[in-house]
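Dear colleague,

Please find the structure below. My notes on it follow.

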Amino acid sequence: WLQRMLAVADAVACISSATRDELRDQCRSAGWRLPPSVHFRLGCDPFAPAVAVATRPALDRFLSQQAPCFAAIGSFEPRKNYGFLLDAFEELWAEGRDLLLVVAGRPNEESREVIDRFRGHAQGGKRLLCLFDAADSEIEDIYRRCRALVFPTLAEGFGLPLVEAR
């Protein structure tokens with residue numbers, strides 16, 4: 001797909017300078033023509049949504065527990081590596097660690113198998129909460145109330161959740 005797209009593109013706008021550098025390297029090593037390319041800077045400052053959405057009670061209860069809570073934010077895509085993340089937390093729980101994990105992201109058909117693992121997990125609602133429809137205000141609440149963001153991605157351009165979490 002990338003080779004076909006580059007052959008017909010007038011220009012390429014990349015999500016970050018790191019992504020543009022990776023694209024240049026790929027084109028150089030593959031011998032592909034790279035049209036003019038730029039990158040843009042993503043905004044990361046929180047904003048007040050047009051309509052404030054209260055945090056749903058299930059999320060509020062989950063985040064109010066005493067155990068440390070960790071968050072993973074971002075769409076369910078293979079590159080996000082959420083299967084590995086769940087494996088890691090399963091190991092921690094098996095060791096007796098009292099930790100919570102909340103994952104918020106839009107579902108993606110390519111990740112149906114891992115989504116099904118999250119939906120049917122034995123720790124669902126107890127130590128694990130997965131939201132596929134979180135409002136912006138709920139995401140902000142997750143960032144504010146969790147101990148840390150976990151970011152197991154295999155390939156990321158800008159990494160907006162890292163900037164948002166700060």
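By class, which residues does the lining of the second largest pocket have? It has eight nonpolar, one polar and one charged residues (Ala, Val, Leu, Ile, Met, Phe, Trp, Tyr, Cys and Pro count as nonpolar, Asp, Glu, Lys and Arg as charged, and the others, Gly among them, as polar).

This is a predicted model, in which local features need pLDDT of at least 70 and side-chain atom pairs count only at pLDDT 80 or more, while totals for chains, interfaces and linings use all residues. Residues are numbered from 1 along each chain as its sequence is written, and side-chain values use heavy atoms, leaving out hydrogens and water.

Strand 4 (residues 100-104) has five of its five residues buried, that is, under 20% relative accessible area with a 1.4 Å probe, protein chains only. Helices (H or I, at least four residues) and strands (E, at least two) are DSSP runs, numbered from the N terminus. Leu100, Val102 and Ala104 lie on one side of strand 4, and Leu101 and Val103 on the other.

Strand 4 runs parallel to strand 3, joined by five bridges (pairing requires at least two DSSP bridges). Here Phe70 has Leu101 as its bridge partner. Strand 4 also runs parallel to strand 5 (residues 128-131), joined by four bridges, and Ala104 stands opposite Leu131.

Asn81 is found in the loop between strand 3 (69-73) and helix 4 (82-94). Asn81 counts as buried because its relative accessibility is 18%. Leaving aside residues up to four places away in sequence, Asn81 touches Pro152, Thr153 and Leu154 (heavy atoms within 4.5 Å).

Methods. Buried < 20%, exposed > 50% of the residue type's maximum accessible area, 1.4 Å probe, protein only.
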